[in-house]
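Subject: Structure handover

Hello,

Here is the structure for you to look over. My notes follow below it.

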Amino acid sequence: MTKSYELLDSGDLSKLEIVGGYKLQRSSPTSAYGKETPGIWNDLHALYIKNDSGSGHWNFQKKVPESFTIEFSNLTFKIKLTPFGHIGLFPEQETNWNRIREIGKKKQGLEVLNLFAYSGGSTLACLDAGMSVCHVDASKGMVDWARENAKLSGLDSKPVRWIVDDVMKFIRREIKRGKKYQGLILDPPSFGRGSKGEVWKIEENLSELMDALMELSDSKPEFVILSCHSQGFSPLTLERILSSRIKTKGNYETTELYIPETSGKKYPAGFCTFFKKS
């Protein structure tokens with residue numbers, strides 16, 4: 001197992017990373033600025049080239065394994081270079097994982113619902129913090145990937161349900177069953193499709209989703225992590241989406257997500273509102 005993740009630099013609509021010892025350049029629409037250290041953007045292992053359809057391909061300049069593992073934030077992740085440019089790790093979420101761990105120090109056994117859960121970083125943090133998790137994603141491949149990450153991190157025996165389903169359909173069934181959750185985590189995409197082709201559009205569906213989640217938590221959750229990468233949803237928008245629905249006192253932390261670069265700069269990586277009950 002190779003250790004480490006580093007973001008070396010970003011700019012000119014790209015970012016430069018070291019992942020498990022491999023030097024990768026990926027497209028980055030948020031990097032509409034100049035590179036901080038242009039002299040280091042050479043000797044790559046792989047370059048991801050995005051096409052107009054939203055997919056793309058990797059141009060391998062040196063040998064890179066089909067998959068490998070790294071340690072990050074005291075967890076172990078399987079890394080794969082996917083056709084969509086994702087690698088299975090979202091380092092900007094580490095701040096939220098640390099928040100989860102702090103909650104777990106004070107409140108054990110919380111039941112948490114993690115939606116659009118992808119490769120499971122937040123699920124792993126919850127399990128590590130002594131919580132039980134329902135992990136939901138529409139992609140069976142991603143749920144299998146998350147399960148593998150749990151096993152690699154020594155957390156596969158912890159209380160977790162792995163669900164492959166459309167998020168809204170699953171939540172409606174949970175409401176009918178009378179299920180309740182104390183923690184809610186979601187990082188919804190701008191656009192997506194469910195397990196049977198259901199269409200998700202954040203502008204049209206997020207309000208309905210949040211209303212349903214309040215039913216699952218009696219509008220009094222212990223904590224909520226709502227992050228977003230969509231244009232038109234600012235940090236203030238996310239905070240108001242939560243504060244207009246949650247009916248208990250608590251603290252809101254509303255920030256931009258970022259990844260620190262070795263240059264000392266911050267790479268912009270979305271928005272987040274974190275609510276914790278008083």
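**Helix α2 and what follows**

Gly130 comes after α2 and has a positive phi, near 85°. Helices (H or I, at least four residues) and strands (E, at least two) are DSSP runs, numbered from the N terminus. Buried means under 20% relative accessible area, exposed over 50%, and partly exposed in between (1.4 Å probe, protein chains only). The buried set in α2 is Gly121, Ser122, Thr123, Leu124, Ala125, Cys126 and Leu127.

**Basis**

This is a predicted model, in which local features need pLDDT of at least 70 and side-chain atom pairs count only at pLDDT 80 or more, while totals for chains, interfaces and linings use all residues. Residues are numbered from 1 along each chain as its sequence is written, and side-chain values use heavy atoms, with hydrogens and water left out.

Strand β9 (residues 132–137) is mostly covered, with 6 of its 6 residues buried. In a regular strand, side chains alternate between the two faces of the sheet. In β9, Ser132, Cys134 and Val136 point one way. Val133, His135 and Asp137 point the other way. Residues on both sides are buried.

Which strand pairs with β9 in the parallel sense? Strand β8 (residues 111–115) does, over 5 bridges. Pairing here requires that DSSP finds at least two bridges between two strands. Glu111 stands opposite Ser132 of β9.

Phe191 lies in strand β12 (residues 191–193). Phe191 is partly exposed, at a relative accessible area of 46%. Phe191 and Glu203 are 12 residues apart in sequence, and their C-alpha atoms are 9.2 Å apart.

**The whole chain**

The chain has 6 helices and 16 strands. Its radius of gyration is 19 Å, close to the 19 Å that the globule rule gives for 278 residues, so the chain is as compact as a globular protein of that length. The radius is taken over C-alpha atoms, and the rule is 2.2 Å times the number of residues to the power 0.38. The C-alpha trace spans about 55 × 40 × 40 Å along its principal axes.

Of the 278 residues, 52% count as buried. Among contacts (heavy atoms within 4.5 Å) with a separation of 6 or more, 59% join residues 24 or more positions apart.

Best regards
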